[in-house]
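Subject: Structure handover

Hello,

Here is the structure I promised to pass on. Please open it first, then read my notes below.

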Amino acid sequence: MKHRQFASDLCLLLIAFVWGSTFLVVQHAVFVLPPLAFNAVRFAGAALLFGLVALLSRKRRRGSRSGTRALLLHGALLGVFLFGGYAFQTIGLVYTTTTNAGFITGLSVVLVPFISLRLAKQRLQPPTWIAAVLALAGLYFLAFNGGAVQLNEGDGFVLLCSFCFALHIAFTGKYAAIHNTVLLVTVQFAVVALAAASSSFLFEPQLTGAALWEALTEPKVIVALLISICISTAFAYWAQTWCQQYTSASRVAVIFAMEPVFAAITGVTFAGETLGLWAIVGCLLILAGMIVVELKWGRHAVQ
């Protein structure tokens, strides 16, 4: 079990690397194809891909222990949380800064232990909180470079986004062990795709048929969608769901705090961005939080 937990944590770190390193690619694409429409196509493609895998798989799959109705209900709930995270973040970014949005989204690292405590009714050990606080402090320094936090009108929407992502991580940990991984992620992808498509129709009216086709055929959009569908959506969320059978939601939140670190490294490497001293300190604090997660603590093992 310990070997599986270590392998799961390593896989989760890979997911954080994928999300962080592909941020620039997606950011450039959403200037052409608006965020809701981009996510609708992204998650629809991932749902079709996994639906095809489920249909063509000849192996005997482990189904839901609670039946098809429970699978659909739980998958839909995860899909609602996931869509809520992306939607509230998109709305919030209209009224706040990317700096505030990045930090407030990262608050999920301390929200997840509280939610997991409520769901699993387990007493969380001190190392869990040490890791979460280190990661949160690191996110602050990375986002604000040691400066003061200036609240904006859209910060409340981003806080809702943080709650949604925290709920998604916590409930994935609850449902991952009782449903087939491929089927569970297929349902949630389909729900996100439908919700994003409906929202795009309502809130992105500039996307007429011709404009949508023109945006979809733009080379950088095609590249971003291929990367997003296959790697940062299909692989990443399947791997997260599988990994959460063997590790705790609190560990997942701390490891996912590495995403902005990888995004910062990508920005420095490929976009000519620079990191100040406090930002580097922030990266090191997040790394320290992840190390705390992996250390052997005896009876105080991180849960």
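Are Asp9 and Arg251 buried or exposed? Asp9 is buried, and Arg251 is buried too. (Buried is under 20% relative accessible area, exposed is over 50%, and partly exposed lies in between, with a 1.4 Å probe and protein chains only.)

Some ground rules before the rest. This is a predicted model, where local features need pLDDT of at least 70, side-chain atom pairs count only at pLDDT 80 or more, and totals for chains, interfaces and linings use all residues. Residues are numbered from 1 along each chain as its sequence is written, and side-chain values use heavy atoms, with hydrogens and water left out.

**The salt bridge**

A search of the whole structure gives one salt bridge. (That is a side-chain nitrogen of Lys or Arg within 4 Å of a carboxyl oxygen of Asp or Glu.) The side chains of Asp9 and Arg251 form it, at 2.4 Å from N to O. The pair links distant parts of the chain: Asp9 sits in helix α1 (residues 2-21), Arg251 in helix α12 (residues 249-256), and they are 242 residues apart. (Helices are DSSP runs of H or I with at least four residues, strands are runs of E with at least two, and both are numbered from the N terminus.) Helix α12 is mostly covered, with eight of its eight residues buried. Among them are Ser250, Arg251 and Phe256.

**Helix pairs**

Two packed helices are described by the angle between their axes and the distance between the axes. (Axes are lines fitted to C-alpha atoms, for helices over the stretch in contact, and angles run from 0 to 180 degrees between N-to-C directions.)

Start with α7 (residues 126-144) and α14 (residues 277-294). They pack at about 160°, with axes 7 Å apart. α7 and α14 are therefore roughly antiparallel. (Under 35 degrees counts as roughly parallel, over 145 as roughly antiparallel, 65 to 115 as roughly perpendicular, and the rest as oblique.) The crossing of α7 and α14 is left-handed. (Left-handed means the near helix is turned anticlockwise from the far one by less than a right angle; right-handed means clockwise.) The contact includes Leu134 and Phe141 of α7, and Trp278 and Ile286 of α14. (Contact means heavy atoms within 4.5 Å.) By class, the contact of α7 with α14 has 18 nonpolar, three polar and no charged residues. (Ala, Val, Leu, Ile, Met, Phe, Trp, Tyr, Cys and Pro count as nonpolar, Asp, Glu, Lys and Arg as charged, and the others, Gly among them, as polar.)

Next, α5 (residues 98-105) and α8 (residues 155-175). Their axes come within 8 Å and cross at roughly 30°. That makes α5 roughly parallel to α8. The crossing is right-handed. Asn100, Ala101, Ile104 and Thr105 of α5 meet residues of α8 including Asp155 and Phe165. The contact of α5 with α8 has six nonpolar, three polar and one charged residues.

Last, α3 (residues 35-56) and α11 (residues 219-243). They pack at about 60°, with axes 9 Å apart. α3 and α11 are therefore oblique to each other. Their crossing is right-handed.

**Two single residues**

Thr22 counts as buried because its relative accessibility is 12%. Thr22 touches Ile227 and Ser232, not counting residues up to four places away in sequence.

Leu73 lies in helix α4 (residues 68-95). Leu73 counts as exposed, at 57% relative accessibility.

Best wishes
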